[in-house]
Amino acid sequence: MDRDRLALALMATFLEELEGHVAALNRDLLALEKAPSPARLEDLMTSLLRTVHSVKGASRAVSEGIIELACHRLEEVLLAVHRGGRTSPELMELCFATADALDDAGRRLAQKQDLKGSPLDELLPRLEEAARAPVALPRPASPARAPVPEPPAPPVEAPAPGAEGLPVRVSAQKLDALLARSGELRVGGLRLEGRVEMMETAREELHQLRLRLRGPDELVARRLETRLAQLGRALAADRRTLLQATSGLDEEVRRARTLPFAEACAGLERNARDLARAAGKQVRLEIHGGTLELDRSLLQGLREPLLHLVRNAVAHGLETPEERREAGKPEEGRMALSARLLGGRVQVVVEDDGRGLDLRSIRERARARGLPVLNDAGDARLIFHSGLSTAEAVTAVSGRGVGLDVVRSQVEAMRGSVDVAFQPGQGTRFTLDVPLTLSTLRVLLVTAGGHTFAVAGESVERLLRLGPEDVRVVEGRQMWSTPQALVPLATLTAVLGLPEGTPRQRPGAMVLASGEVRAVLVVDEVVAEQEVLIRGLGPRIRRAGHVSGMAVLPDGRMAALLNPSALVRAAEGRTALAGLFPAPVEKKARRRILLADDSMTTRTLERSILESAGYDVLACVDGREAWERLQAEGADAVVSDVEMPRMDGFSLTEAVRGSPRFGRLPVVLVTARARPEDKARGLQVGASAYLVKSAFDQTHLLETLRQLL
């Protein structure tokens with residue numbers, strides 16, 4: 001990886017990490033403001049200091065001095081508060097302002113803006129002064145210049161009769177057609193990008209030809225080159241204009257199609273009441289987030305799954321009033337439907353306070369139907385299989401085993417997933433996760449068996465280059481090995497029934513997620529990530545195995561949009577047989593370095609340095625994980641941060657030195673703690689070397705390791 005690409009990758013990682021740290025700061029500051037108990041105060045201060053320290057170290061790795069300085073001063077303020085054991089309203093306001101300024105700094109960096117003059121830069125003097133007197137804080141100085149008065153608001157004119165305020169009815173079909181045309185315009189704008197590149201290529205070829213011409217021919221070629229350049233600039237400007245217009249049109253059409261979530265719940269309360277009354281039960285249905293505006297087609301797709309889940313809760317989950325009294329519950333059962341936005345997705349939860357699921361009965365019915373039973377909590381998902389029901393008798397409401405199968409198939413048709421959790425005697429919770437929009441999607445394009453396929457980018461957790469060391473063989477089948485679990489591993493060609501290609505030394509793969517379940521699918525090639533227009537399969541194709549739609553690519557080609565949930569389920573039954581990799585080639589053993597740092601940004605930087613130098617790196621997020629992996633997998637040297645959760649670098653070094661097996665292992669501490677007493681303690685606990693991050697030099701680190709090894 002070259003220097004520029006590494007810098008971009010580090011910045012992207014830092015911004016992602018910063019967002020999480022800002023959320024953690026706000027959460028802990030809110031808890032601190034409520035005057036917690038001394039024990040809770042100690043935990044909060046430790047968490048706050050660790051968060052600020054992590055941001056400081058990560059900002060140093062990406063050379064953002066203003067953020068580093070602000071965090072250093074905030075760290076001093078919090079240390080003083082920690083020692084004093086008390087805070088003040090002014091101090092809390094300053095801490096919250098710093099958290100907001102850090103969030104603003106992240107947005108500015110994402111837009112490649114300078115932080116000079118930013119709110120964070122302006123807070124530095126107040127932070128410095130607060131560090132000297134952390135409790136008695138000065139109030140912000142009044143601005144030197146008089147505030148500029150805001151311009152008077154323009155007068156509001158009453159709309160002309162008939163001009164505004166009257167609703168206009170538009171058929172859903174017309175809105176659907178308008179959205180489809182808007183999507184096609186967007187694809188057309190994306191195609192123009194390719195045309196601009198073609199124009200630039202033609203101009204460059206003409207330029208090379210002109211250099212070989214002389215006389216009148218050279219003059220003609222020059223004029224043509226100038227005209228092509230003008231045309232290329234005009235085409236690029238038209239493309240930008242078109243994309244801006246189509247983006248605005250797309251947004252307006254979407255807004256016109258939105259309805260409140262309560263629309264999808266219309267009729268559910270009455271349905272639940274009637275079913276409960278017929279069964280001699282009592283139920284209260286609550287709806288939360290009913291005003292959340294969602295796309296009409298999404299709400300339409302949710303209606304039937306929500307109806308089945310409500311009916312299922314009344315029939316199977318809620319008890320009769322007598323049973324609830326005996327269990328110490330109110331006679332009236334409670335059901336709740338809630339919706340909330342999570343990024344670009346919508347999470348809908350249906351929960352009740354009934355008896356929960358009968359896992360023993362579910363397993364018995366599953367074994368009778370020949371379904372695989374795992375004997376763990378994941379067996380609860382067996383209820384989504386067609387034909388499986390725990391009802392003792394078939395009624396108009398239950399017993400056929402089709403309701404939850406319909407829920408799963410319809411949610412997956414919307415490129416979503418459904419999961420279930422329960423507590424025996426306490427209730428059941430179904431979670432539906434669906435995309436916010438069904439017309440466009442950011443997808444990952446991959447190839448398998450000579451075909452191109454699209455996979456929703458939000459379902460791909462990560463991309464891998466698999467090697468034999470990443471795979472474990474369990475009962476003759478290959479699994480991807482992680483520190484937490486073994487994940488099913490299959491080839492996309494096997495899942496889709498396509499002919500297998502030639503095995504590769506390090507094949508590419510993607511980790512797919514469906515709810516809490518994961519699977520790794522090996523692909524021939526990862527082509528690109530693009531925003532595409534989605535088209536349905538049409539009424540003639542009701543269900544196609546593993547395919548939920550078609551993606552219209554920017555060049556006009558079509559690619560099958562794969563269903564992540566179906567792929568994950570299929571991968572569990574088609575894990576790759578041993579032999580995915582060719583016979584290993586004997587190679588020179590590489591030194592293994594165990595790297596421990598809780599900052600993702602710093603960890604990524606140091607890992608890149610070590611791997612570029614030819615080391616194998618085991619990266620860990622804290623000292624506890626590093627110690628466990630060292631005992632399980634071994635290493636030739638340890639490179640560790642000091643400030644980490646669960647087990648810090650000093651404790652890790654002491655554990656290594658106290659081990660008969662690893663007592664002579666080189667340990668290098670790389671930390672921001674530059675005080676002499678910290679260095680002395682590091683050497684006292686047995687560190688082989690102590691490097692300070694403020695003077696960090698990759699050559700120094702590599703030379704230190706070379707000498708120690």
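User: In this predicted model, where does Lys112 lie?

Analyst: Lys112 is placed in the loop that joins helix 4 (89-110) to helix 5 (119-132).

User: Why does Lys112 count as exposed?

Analyst: The relative accessibility of Lys112 is 72%, and exposed requires over 50%; therefore Lys112 counts as exposed.

User: What is noted about phi of Lys112?

Analyst: Phi of Lys112 is near 60°, which is a positive value in a residue other than glycine.

User: Where does Ser63 lie, and why does Ser63 count as exposed?

Analyst: Ser63 belongs to the loop between helix 2 (38-61) and helix 3 (65-84). Its relative accessibility is 63% against a cut-off of over 50%, so Ser63 counts as exposed. Phi of Ser63 is near 60°, a positive value in a residue other than glycine.

User: Why is Asp597 called buried?

Analyst: Buried means under 20% relative accessible area; Asp597 has 1% and is therefore buried. Asp597 sits in the loop between strand 19 (592-596) and helix 15 (600-612).

User: What does the side chain of Asp597 reach, and which residues is Asp597 in contact with beyond four places in sequence?

Analyst: The side chain of Asp597 reaches the backbone nitrogen of Ser599 at 2.9 Å. Beyond four places in sequence, the contacts of Asp597 include Arg603, Asp641 and Lys693.

User: What makes Thr653 buried?

Analyst: Thr653, in helix 17 (residues 649-657), has a relative accessible area of 1%. The limit is under 20%, so Thr653 is buried. Among the residues Thr653 touches, leaving out those up to four places away in sequence, are Val667, Leu669 and Val685.

Terms used: Residues are numbered from 1 along each chain as its sequence is written. This is a predicted model: local features need pLDDT of at least 70, side-chain atom pairs count only at pLDDT 80 or more; totals for chains, interfaces and linings use all residues. Side-chain values use heavy atoms; hydrogens and water are left out. Helices (H or I, at least four residues) and strands (E, at least two) are DSSP runs, numbered from the N terminus. Buried means under 20% relative accessible area, exposed over 50%, partly exposed in between (1.4 Å probe, protein chains only). Contact means heavy atoms within 4.5 Å. A polar contact is a pair of N or O atoms within 3.5 Å; within protein, one must be able to donate a hydrogen and the other to accept it, and residues adjacent in sequence count only if both atoms are side-chain atoms.
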